[in-house]
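Here is a short report on one protein model. Please keep the sequence and the coordinates open while reading.

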Amino acid sequence: MKPFIDLHVHSIVSGHAYSTIDENIKFAKSKNLKYLGMSEHGPSMPAAPHQYYFNNIACIPDEIDGVRIIKGVEANILDTEGNIDIDDDLGYYLNYYIASLHPPCIPYGSKEENTSAVINAMKHKKVKIIGHLDDSRYPVDYEKVVKVAKEEGVIFEINNSSLKPTTFREGAWENVGELLKYCEKYNVKVIFGSDAHICYDICNFSNCEEVVKKYNFNRDLIINYNEEEIIKFFDIK
Ligand SMILES: [Zn+2]
Ligand SMILES: [Zn+2]
């Protein structure tokens with residue numbers, strides 16, 4: 001099976017990634033990827049793009065070299081109220097927000113604090129995906145967040161980079177198992193994301209594939225392989 005989309009990709013714009021947008025598109029094309037999500041870090045991450053980058057994003061064509069570009073952001077969740085660092089004005093031209101917990105943008109909180117941060121972030125109308133909710137440094141109540149995701153129509157990213165031995169995140173293999181268990185129980189979808197910080201990692205879902213196999217997860221709940229569902233979910237015209 002061939003994935004249609006990688007929604008979680010960074011370029012040099014993010015300040016700690018190593019390929020240009022052009023290199024990313026060329027590599028995506030070489031992998032026959034049809035939809036490429038551009039998801040730079042939100043402005044409160046050190047060295048992330050200034051808000052003007054997001055204001056001006058309409059200048060990037062919707063299709064380049066046969067690859068459909070979907071414009072998004074990986075927003076930072078800032079506090080337990082679920083505030084994020086992209087407001088409606090800034091996000092006007094964006095199709096989707098991934099909302100994630102990142103140091104140093106939010107302190108490592110208690111399980112209660114992190115759970116309320118994520119649940120409240122899901123209530124923003126453009127937050128469609130919660131990124132890499134797999135890090136023991138930010139423990140959460142998985143059952144609670146999955147139940148709210150169901151009500152809000154939010155899905156979860158299964159992050160390929162979190163599952164690498166070189167990751168900064170902790171405990172991802174076990175935490176993803178918990179997350180998948182509740183996604184299956186409540187029929188909540190997931191999306192694989194490479195979280196590529198260099199073009200060669202785009203569309204690399206090898207660890208995602210392994211983790212869904214390990215936990216025997218229902219593949220019908222993974223949207224990367226279902227083009228119709230991708231078009232609907234991202235509201236692609
Ligand atoms: Zn990054
Ligand atoms: Zn992230």
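At what angle do helix 3 and helix 4 pack, and how far apart are their axes?

## Helix 3 against helix 4

The model is predicted. In it, helix 3 and helix 4 pack at about 10°, and their axes are 10 Å apart. An angle under 35 degrees counts as roughly parallel, so helix 3 is roughly parallel to helix 4.

Helix 3 contributes Thr115, Val118 and Ile119 to the contact, and helix 4 contributes Lys144, Val145 and Val148. By class, the residues of this contact are four nonpolar, one polar and one charged.

## Helix 4 against helix 5

Helix 4 also meets helix 5. Helix 4 covers residues 142-152 and helix 5 covers residues 172-186. Their axes come within 9 Å and cross at roughly 40°. Helix 4 and helix 5 are therefore oblique to each other. The crossing is right-handed.

On the helix 4 side, the contact residues are Tyr142, Glu143, Val146, Lys147 and Lys150. On the helix 5 side, they are Glu178, Leu179, Tyr182, Cys183 and Tyr186. Six residues of this contact are nonpolar, none is polar and four are charged.

## Overall build

The protein has seven helices and eight strands. Its C-alpha atoms fill a box of roughly 45 × 35 × 35 Å along the principal axes. The radius of gyration is 16 Å. A compact globule of 237 residues would have a value near 18 Å, so the protein agrees with that expectation.

Buried residues make up 48% of the 237 residues. Residues 24 or more positions apart account for 78% of them.

## Backbone features in loops

Which two prolines does a cis peptide bond join? They are proline 103 and proline 104, with omega at about 5°. Proline 104 is in the loop between strand 5 (96-100) and helix 3 (111-121).

Two residues other than glycine have a positive phi: histidine 132, near 25°, and asparagine 187, at about 60°. Histidine 132 sits in the loop between strand 6 (127-130) and helix 4. Asparagine 187 sits in the loop between helix 5 and strand 8 (190-193). Is histidine 132 buried or exposed? Histidine 132 has 27 other C-beta atoms within 10 Å, so it is buried. Asparagine 187 has 11 such atoms within 10 Å, so it is exposed.

## Alanine 75 and its neighbours

Alanine 75 lies in strand 4, residues 67-76. Why does alanine 75 count as buried? Because it has 31 C-beta neighbours inside 10 Å, and the cut-off for buried is 20 or more.

Leaving out residues up to four places away in sequence, alanine 75 touches Gly42, Ile84, Asp85, Ile86, Tyr97, Ile98 and Ala99. Proline 43 is 32 residues from alanine 75 in sequence. Their C-alpha atoms are 8.0 Å apart in space.

## Distances along and across the chain

Glycine 177 is in helix 5. This glycine has 16 other C-beta atoms within 10 Å, so it is partly exposed. To asparagine 216, 39 residues along the chain, the separation is 9.6 Å. To isoleucine 57, 120 residues along the chain, the separation is 36 Å.

Asparagine 216 lies in the loop between helix 6 (206-214) and helix 7 (227-233). With 9 other C-beta atoms within 10 Å, asparagine 216 is exposed.

Glutamate 227 is in helix 7. How many residues separate glutamate 227 and lysine 34 in sequence? They are 193 residues apart, yet 9.3 Å apart in space, C-alpha to C-alpha. Glutamate 227 has 14 other C-beta atoms within 10 Å, so it is partly exposed.

Terms used:
Residues numbered from 1 in each chain as written. Chains lettered and ligands numbered in written order. Predicted model: local features only at pLDDT ≥ 70, side-chain atom pairs only at ≥ 80, totals over all residues. Axes fitted to C-alpha atoms, helices over the stretch in contact; angles between N-to-C directions. Helix = DSSP H or I, 4+ residues; strand = E, 2+ residues; numbered from the N terminus. Parallel < 35°, antiparallel > 145°, perpendicular 65-115°, else oblique. Left-handed = near helix turned anticlockwise from the far one by under 90°. Contact = placed C-beta atoms within 7 Å. Nonpolar A, V, L, I, M, F, W, Y, C, P; charged D, E, K, R; others polar. Rg over C-alpha atoms; globule rule 2.2 N^0.38 Å. Buried ≥ 20, exposed ≤ 12 C-beta atoms within 10 Å, placed from the backbone.
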